[in-house]
Structure formats: structure tokens, C-alpha cells
Amino acid sequence: MGLFGKKEREPCAICGGKVPALFPWKVDGRLVCNLCYGDVDLPQETMNHITMEEFQKYRVFREENAQLKQRFKITQQIDFGWLEDKFLFDMDNRLLCMDKKLRKTVYEGGQVKSFEIREDQEPLFQGSAEGLIRYASTVPQRVMAMAPRIEQLRMQIQMRRDMEYMMERSRDNNENNSYRYHSLPSINIPVPFQKFIIEIQFEHPYHPFFTSDTKAPEFDNDEPDVNNYLARYNDAVQPMEELARALMEVAFPGAPERTVETANVAAGSGNVRAPGVAVDTVTELQRFKDLVDKGILTEEEFTAKKRQMLGI
């Protein structure tokens, strides 16, 4: 070999074939070709410590799993959004996979031990060989309990918008007016829960546990509305129920189903904080606005009073 000759790369530790020059795969510190490495559906932490013997066993499992993929006929698909998980089901063969293109591991229904779907830490569905339990969610009750405060907030924000509009008109009509337009405060209504959490336990040599989560619906911060939120919530719950029933059908066909009621939520619960204007101030400004509508006060007098009360 000359001074500038290329160093001969080691062959694949499995088949003895050629290993790519750039970014080659390594298993247990030994080079492996692209074909032998293949599509690996294992955590990176596992691959960092896997031995060559363990990897060879995984390759055998992968070949067996490929046969399930060939048999897989999609009878139901459940999506949770553009970048969220996709659940594919083959009810005829009792198979499922969490990948739209069947690139990941295919599970047999008999390998499912149990599953749970939660709203944060509150269970919504639980499934096992004993049956499907559906828990009556407290979210609708909690949202309805928030309704008076949300309506109060809507009134405050609308009042603030009206004041901003009238002050802007006053500025346009008076070039010497020193008022400068202020943006409205942001509306941030805390949601009843943050996310749906899906957990599935398997009797499986490589994937004993699957977990995923998807974001819960939020209030429209421009126009907060209880009914609008509940409509979004119902739309979000529907695929969760579809998933629970599909998992039961593929894993525990014929198992019973029951619903567990929950305690009532006390009226007035929910922590909605109204930004910007105090309630007493809003009430007082509404009274002055009524006086303007009746012709008792002028717009200029009302504008001056608003500035005084708001400190602007």
C-alpha cells in the first residue's frame, strides 16, 4: 500500500459484505452493512448496549415480524393529527401497528396485556381481559362550572375593546390628543387538562410498554366560549373512544364493558383569572356608557372619565 493509499475497511461482521464508507452502522463496536442492519425498531439506548448475539436474535424476531406485516390488511386506522401517532388495525388477523406505513413492529392482539387512556392523571378508558371500563369524565362539568367566570371575562374584554375603539376615534378627531393606542391584554384561560395520555402494556420480548400523548383542546383566546370548547373536546374524545374499542376488539374480543360514574364537581370551581380591568371598574364604566346613550353625558366626558378610571 502506498503512502496515500486507502485503508481497507473491515467487512460486515454478519455477512462479510461491503460496509458503506460514510456513516457505517456499528453493533457491539463492529461494522455492519446496511442490509444486515435493516430497519431497527428499538430504543437508541438499547442499541448502544446491545451485543452482537442479542442483535442476531433480534434479526430473527424481525424476520418473523415481517411475515406479520405481509399478512397485515388494514381494516381500521385512527389518527391523532398530522405529526401524532397513527394506529393501524387488522381485525381479521387481530394485529395492530403504530405506524402508518407498517415500518414499525406489528403486534398480535394476544400480546396486549392491558391499556389505559387518561386525561392527565384521570383515567378515561381502561381495558384488559376483564373488560373495558369507561370513566365518566369530569371535564364537561368543570368547564360548565367555569362558564360564569368565562362570561364575565368576555364582558370585560368586550368593554376594553369598546373603550380602545372609542379612544382611538377620539384621537383621530383631535390631533392634539396625546393618547397612544394600547394593545389589548392577552386572554389566557387555563384548560381543564393538558393532554390525553395513551399507555399500552404488552407481553413482548422487545416492546413491553408503549406510551404516547396528544395535546388537549384549548379555549379560543380571542373569543372564549364554553360551548365552543366542549365541541372541540367532544371531537378530541371521539378518536380516543374509537381507539379504546379497537384495542378491545383486537385484544379482548367479547369482553364486557361498563361505565364508572364520577363525583359531581362543585359549582364555581375552575380557576379563570380575568386580566386587565377590575369587575367594579367595568360595572361603573358600563353605567357611564348608559348615561352617554341616554344623552346625559357627552362622548368627550365619557372618554375623560374612562381615562381617569383606567389611569391612562
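Me: What percentage of the 312 residues in the chain do buried residues make up?
Reply: The figure is 36% of the 312 residues. Keep in mind that this is a predicted model. The chain has 7 helices and 12 strands.

Me: Why is histidine 207 called buried?
Reply: Its relative accessible area is 11%. Buried means under 20%. The value of 11% falls under that cut-off, so histidine 207 counts as buried.

Me: Where is histidine 207, and which residues does it touch?
Reply: Histidine 207 sits in the loop between strand 10 (195-202) and strand 11 (209-215). Leaving out residues up to four places away in sequence, histidine 207 touches Asp41, Leu42, Thr105, Tyr107 and Phe202.

Me: Thr105 is on that list. Why is threonine 105 called buried?
Reply: Threonine 105 has a relative accessible area of 3%. The cut-off for buried is under 20%. Therefore threonine 105 is buried. Its place is the loop between strand 5 and strand 6.

Me: What makes the pair of threonine 105 and histidine 207 a polar contact?
Reply: Their side chains are 3.2 Å apart at this contact. The N or O atoms of such a pair must lie within 3.5 Å, so 3.2 Å meets the distance limit. The side chain of threonine 105 also makes a polar contact with the side chain of aspartate 41, at 2.7 Å. That distance too is within the 3.5 Å limit.

Me: Why is glutamine 194 called exposed?
Reply: Its relative accessible area is 53%. Exposed means over 50%. So glutamine 194 passes the cut-off. Glutamine 194 lies in the loop between helix 4 (139-173) and strand 10. Leaving aside neighbours within four places in sequence, glutamine 194 is in contact with Asp120, Lys215 and Ala216.

Me: How many residues apart in sequence are glutamine 194 and glutamate 119, and what is their distance in space?
Reply: They are 75 residues apart in sequence. Their C-alpha atoms are 7.5 Å apart in space.

Me: What makes glutamate 10 an exposed residue?
Reply: Glutamate 10 has a relative accessible area of 54%. Glutamate 10 lies in the segment before strand 1. Not counting residues up to four places away in sequence, glutamate 10 touches Val19 and Leu31.

Me: How do you know that the span of helix 5 agrees with what it should be?
Reply: Helix 5 (residues 226-251) has 26 residues. At 1.5 Å a residue, helix 5 should span 38 Å. Its end C-alpha atoms are 37 Å apart, which agrees. At the start of helix 5, a side-chain oxygen of aspartate 225 comes within 3.1 Å of the backbone nitrogen of asparagine 227.

Me: What is the span of helix 3, and what is expected?
Reply: Helix 3 (residues 52-71) reaches 29 Å from its first C-alpha to its last. This is close to the 28 Å expected at 1.5 Å a residue.

Me: Which residues of helix 3 are buried? How do you know that they are on the same side?
Reply: The buried ones are Met52, Phe55, Tyr58, Phe61, Arg62, Asn65 and Leu68. They cover an arc of only 155° around the axis, which puts them on the same side of helix 3. An α-helix has 3.6 residues a turn, so residues three or four places apart point the same way. The face turned away from the buried side carries exposed residues: Glu53, Lys57, Glu63, Glu64, Gln67 and Gln70. Strand 1 (25-27) and helix 2 (44-49) are among the elements that cover the buried residues of helix 3.

Me: Which residues touch the most other members of the largest nonpolar core?
Reply: Of its 43 residues, Phe87, Phe89, Ile200 and Leu243 do. Helix 5 gives the largest share of this core, 13 residues. A second, separate core has 15 residues, including Val27, Cys36, Ile50 and Phe61.

How values were computed:
Residues numbered from 1 in each chain as written. Predicted model: local features only at pLDDT ≥ 70, side-chain atom pairs only at ≥ 80, totals over all residues. Heavy atoms only, no water. Helix = DSSP H or I, 4+ residues; strand = E, 2+ residues; numbered from the N terminus. Buried < 20%, exposed > 50% of the residue type's maximum accessible area, 1.4 Å probe, protein only. Contact = heavy atoms within 4.5 Å. Expected span 1.5 Å × (residues − 1). Arc of directions from axis to C-beta. Polar contact = N/O pair within 3.5 Å; in protein donor to acceptor, adjacent residues only side chain to side chain. Core = buried A, V, L, I, M, F, W, Y, C linked by side-chain atoms within 4.5 Å.
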